[in-house]
Amino acid sequence: MTEHHHTSGPTQAVTVVLVLLALAALYRLAVRRAVRRNAAQSWPTWRTASFVTGLALLAVALVPPAPTGFPAHMAQHMLIGMYAPLALVLAAPITLALRALPPAGARRITAVLHSPPLRLAAHPVSALLLSTGSLAALYFTPLYNTAMSHHPAGHWLMAAHFLFSGCLFAHAIAGPDPAPGRPGVPARLTCLGVAIAAHALIAQALYGGFFTDVHAPIDQVRRGAEIMYYGGDIAELLLAAALVTTWRPERRSGPRARSRTAASL
C-alpha cells in the first residue's frame with residue numbers, strides 16, 4: 001500500500017479557513033456594493049446561500065485531518081470537483097462582479113470573457129476534456145501515485161485542478177453567468193451525457209481493476225470506485241436539474257415569429 005503524505009497540519013487548516021472566510025467576506029462586500037449601486041435591483045439571497053454552501057463543502061473536504069485512503073480521496077474529489085463547484089457557479093460571481101464594479105472594471109471583465117482563449121476554455125467540450133478527461137490520465141497512469149506519494153504539494157495541486165475544472169464544467173453546462181459563444185441546450189446536454197457515461201466507465205474500470213494504476217488495497221479501490229459511480233451520478237443529475245431550471249427558450253426573430261407577434265397585437 002502506498003503511503004499518502006497529505007501534510008495538512010494545523011497551519012494549513014487555519015490558512016484554508018482564513019481563505020474561505022475571506023472569499024465569503026468578499027462576496028458579501030460585492031453584494032452590498034451591487035445593491036448600493038442599483039437599489040432597485042436586489043441580489044437574490046439564495047445565490048449568497050449557494051456561495052456559502054460551496055465554501056462550506058470546500059471546508060469539509062480540506063480542513064479536517066487529511067484522508068489517508070483511496071475512498072477518502074474519492075469522497076474529497078467529489079466534494080471539491082463536483083458538488084462545491086456547482087454551488088459556487090450557481091452563486092453567479094461574475095454577474096455579481098459586473099454589478100458591483102464601476103463601468104471601467106466591468107468593461108475589462110467583459111473583454112476577458114469575450115477573449116478567444118477564455119471562450120475556448122469555457123466551451124463545454126473543452127471543459128469536459130479538462131474535467132472528466134483528466135480522470136483517465138490520473139487513475140490509468142502513474143500520475144495519481146506520483147502526486148500522492150512523492151510530492152507533498154501534489155495533493156494541493158490535484159485539489160486545485162479538481163476545483164478549477166469542476167467550476168469550468170459547471171459554468172459551461174448550467175452557469176448563470178455570461179458565457180459568450182456557449183452553444184445551445186442540446187449541445188450542453190450532449191456533453192453532460194458524455195460526462196455521465198465517462199464517469200461510469202472510469203468507475204467500473206477502477207472497480208474491476210482494468211487499466212488501473214492506483215497503489216492501494218483492492219477493497220479500498222473498489223469502495224472509491226463506488227463513491228465515484230454513485231456520487232458522480234447524483235452530482236451530474238443536480239447539474240442537469242440546474243441546466244433545466246436556468247434554461248430560457250431563445251426568442252425567434254424569423255418571419256414566423258414576427259407574424260405571430262403581429263397577429264397577437
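1. Let's start with Pro 85, which lies in helix 3. Keep in mind as you read that this is a predicted model. Pro 85 has a relative accessible area of 0%, so it counts as buried, the cut-off being under 20%. Leaving aside neighbours within four places in sequence, the residues in contact with Pro 85 are Leu 79, Ile 80, Leu 163, Gly 166, Cys 167 and Ala 170.

2. How many aromatic pairs does a search of the whole structure find? The search turns up 5. Take Phe 70 and Tyr 144: their ring centres are 5.5 Å apart and the planes sit at 85°, so this pair is edge-to-face. The pair joins distant parts of the chain, with Phe 70 in helix 3 (residues 70–90) and Tyr 144 in helix 9 (residues 143–149), 74 residues apart. Both Phe 70 and Tyr 144 are buried. Ring pairs also bring in Tyr 139, giving a cluster of Phe 70, Tyr 139 and Tyr 144.

3. Is Tyr 230 buried or exposed? Tyr 230 has a relative accessible area of 54%, so it is exposed, the cut-off being over 50%. Tyr 229, at 29%, comes out as partly exposed.

4. Arg 222 lies over the face of Tyr 207, and the distance to the ring centre is 5.0 Å.

5. Last, have a look at Asp 177, in the loop between helix 10 (154–174) and helix 11 (185–208). Asp 177 is buried, yet it has no salt bridge. Which side chain of opposite charge is nearest to Asp 177? That is Arg 47, at 7.0 Å, whereas a salt bridge needs the atoms within 4 Å. What the side chain of Asp 177 does reach is the backbone nitrogen of Ile 94, at 3.2 Å. Ile 94 is also among the contacts of Asp 177 beyond four places in sequence, alongside Ala 92, Pro 93, Thr 95, His 171 and Arg 182.

Methods
Residues numbered from 1 in each chain as written. Predicted model: local features only at pLDDT ≥ 70, side-chain atom pairs only at ≥ 80, totals over all residues. Heavy atoms only, no water. Phe/Tyr/Trp six-rings, centres within 6.5 Å; stacked < 30°, edge-to-face > 60°. Helix = DSSP H or I, 4+ residues; strand = E, 2+ residues; numbered from the N terminus. Buried < 20%, exposed > 50% of the residue type's maximum accessible area, 1.4 Å probe, protein only. Lys NZ or Arg CZ within 6 Å of the ring centre and 35° of its normal. Lys, Arg positive; Asp, Glu negative; His and termini not counted. Polar contact = N/O pair within 3.5 Å; in protein donor to acceptor, adjacent residues only side chain to side chain. Contact = heavy atoms within 4.5 Å.
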